[in-house]
Amino acid sequence: MTTLSESYALSNDVPIPKLGLGTWFIDDDQAAQAVRDAVRLGYRNIDTAQAYLNERGVGEGVRTADVPRSELFVSTKLAAEIKDYDQAVAAIDESLATMGLEHVDLMLIHSPQPWDDFRGGDYAEGNREAWRALEDAYRAGKARSIGVSNFLQADLENILSSCTVVPHVNQLLAHVGNTPFELMAYCEAKGILVEAYSPIAHGEMLKNAEVQAMAERYGVSIPQLCIRYTLQLGTVSLPKTANPEHMRSNAQVDFAVSDEDMAALRRLKAQDYGEYSEFPVYSGK
C-alpha cells in the first residue's frame with residue numbers, strides 16, 4: 001500500500017486520505033487541470049478555500065476527474081472574515097454552487113480572526129456563530145465533516161464551550177522547524193485530527209543544510225523528507241503544487257524516518273519564511 005492509498009479515520013469515522021493536494025496560489029484557470037493531474041497520479045484528497053479564489057476551477061477538476069466523486073475527499077474553507085451565522089450559511093451554499101458540488105467532505109473556518117487582524121481582536125462570539133453554521137451544514141449533509149484552521153488552544157476551547165459537534169480537524173502550519181507540538185497534543189486529546197499545510201515551509205527548507213544532509217542519507221529529496229516528517233507525526237500532509245512532476249515526487253514518501261532522525265527534526269527551529277513573511281499567517285504576530 002502506498003501513502004496515497006492510506007487514510008486516517010476522523011472522529012465521526014469518515015476516512016480522510018493521509019496525503020493531499022494543497023491548491024493555495026494555484027490560479028482558478030489552472031486549478032481544474034491541477035486537480036485532474038493529481039487524481040490521475042493517485043491523489044484523492046484535494047484542499048481549497050474561498051480565499052484561494054479557485055473553488056470554481058477545483059470543482060471543475062473534481063467533476064471532470066477520471067474517478068467517481070465518491071472516491072475524492074474535497075475540502076474548502078469559510079473565509080476568515082465571516083464571523084456571523086447568516087453570512088456563514090450563505091457562504092457555505094455559495095461555495096457549493098461555485099464548485100458545482102452537492103457536498104464537500106470537509107468545511108473549515110479558515111482562521112479564528114480575519115486576515116487583516118490575525119491574532120488580533122476578540123472574535124470569540126463570531127467564531128461560535130460561524131461554527132453553528134458549519135454544524136447545520138454538517139447535519140444537512142452539505143459537509144461530511146467540519147473543522148477549523150489556524151486555531152490555537154484558546155480558540156478551540158471557545159468552540160468546545162458551546163458546540164454540539166466537536167471539530168473533526170484543525171489545519172495548521174506545521175513543518176520541520178516549526179511544529180506546534182503542544183497544540184497538536186491538545187488536538188489529539190480532543191479527537192481533532194491535525195492537517196499540516198505548507199509542509200515544506202514554502203520551500204525555505206530547501207536551503208537548510210541539516211535537512212539536506214539527512215535527505216541525502218535517505219536518498220530522498222528535501223520535500224519528500226519534510227512530507228514524511230509530517231506524516232510520521234500523525235498528520236494529514238498537504239503539499240501544494242500545480243506541477244505534475246512535483247505531485248509525483250511529493251507522493252513518493254513510502255520510507256520511514258528513524259526515531260533518532262525524527263527527534264532531530266523535531267528539535268530543529270527555523271521560522272524564517274523569506275519572501276512569504278509578508279503573509280499575516282507568517283508575520284510572527
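Let's start at Asp13, which is exposed, with a relative accessible area of 63%. Keep in mind as you look around that this is a predicted model. Asp13 sits in the loop between strand E1 (7-9) and strand E2 (15-17). Its backbone is worth a look too: phi of Asp13 is near 75°, a positive value in a residue other than glycine.

You'll find Arg119 in the loop between strand E6 (106-109) and H4. Is Arg119 buried, partly exposed or exposed? With a relative accessible area of 28%, Arg119 is partly exposed, since that label covers whatever falls between buried, under 20%, and exposed, over 50%.

Now follow the chain into helix H4, which spans residues 124-139 and holds Ala133. Ala133 is buried, because its relative accessible area is 2% and the cut-off for buried is under 20%. Who are its neighbours? Leaving aside residues within four places in sequence, Ala133 is in contact with Tyr85, Ala88, Val89 and Ile92.

Next, jump along to a pair of helices. Helix H7 covers residues 209-218 and helix H8 covers residues 222-232, and the two pack at an angle of about 90°, with their axes 9 Å apart. That angle makes H7 roughly perpendicular to H8. Which residues do the touching? From H7 come Val211, Gln212, Met214 and Ala215, and they meet Ile222, Leu225 and Cys226 in H8. Sorted by class, this contact has 6 nonpolar residues, 1 polar residue and no charged ones.

Between H7 and H8 there is a loop, and Val220 lies in it. Is Val220 buried or exposed? Val220 counts as buried, because its relative accessibility is 16% and buried means under 20%. Not counting residues up to four places away in sequence, Val220 touches Ala215, Leu225 and Phe255. Phe255 is 35 residues away from Val220 along the chain, yet their C-alpha atoms are separated by 9.1 Å.

Let's stay with H8 for a while. 10 of the 11 residues of H8 are buried, so this helix is largely enclosed by the rest of the structure. Which ones are they? The buried residues are Ile222, Pro223, Gln224, Leu225, Cys226, Ile227, Arg228, Tyr229, Thr230 and Leu231. Notice that Arg228 is on that list of buried residues. After H8 comes Gly234, whose phi is positive, near 90°.

The axes of H8 and helix H10 (residues 259-267) come within 11 Å and cross at roughly 100°. H8 and H10 are therefore roughly perpendicular to each other. On the H8 side, Leu225, Tyr229 and Gln232 take part, and they meet Met262, Leu265 and Arg266 in H10. By class, the contact of H8 with H10 has 4 nonpolar residues, 1 polar and 1 charged.

What does Tyr43 touch? Not counting residues up to four places away in sequence, Tyr43 touches Leu4, Leu19, Gly20, Leu21, Ala38, Leu72, Met247, Asn250 and Ala251.

Finally, a word about cysteines. A disulfide is a covalent bond between the sulfur atoms of two cysteines. How many disulfides are there here? The count comes to 0 disulfides, taking a pair of cysteine sulfur atoms within 2.5 Å as the test. Take Cys187: the nearest cysteine sulfur, that of Cys163, is 13 Å away, and Cys187 is in no disulfide. Cys187 is buried, with a relative accessible area of 0%.

Terms used: Residues are numbered from 1 along each chain as its sequence is written. This is a predicted model: local features need pLDDT of at least 70, side-chain atom pairs count only at pLDDT 80 or more; totals for chains, interfaces and linings use all residues. Side-chain values use heavy atoms; hydrogens and water are left out. Axes are lines fitted to C-alpha atoms, for helices over the stretch in contact, and angles run from 0 to 180 degrees between N-to-C directions. Helices (H or I, at least four residues) and strands (E, at least two) are DSSP runs, numbered from the N terminus. Angles under 35 degrees count as roughly parallel, over 145 as roughly antiparallel, 65 to 115 as roughly perpendicular and the rest as oblique. Contact means heavy atoms within 4.5 Å. Ala, Val, Leu, Ile, Met, Phe, Trp, Tyr, Cys and Pro count as nonpolar, Asp, Glu, Lys and Arg as charged, and the others, Gly among them, as polar. Buried means under 20% relative accessible area, exposed over 50%, partly exposed in between (1.4 Å probe, protein chains only).
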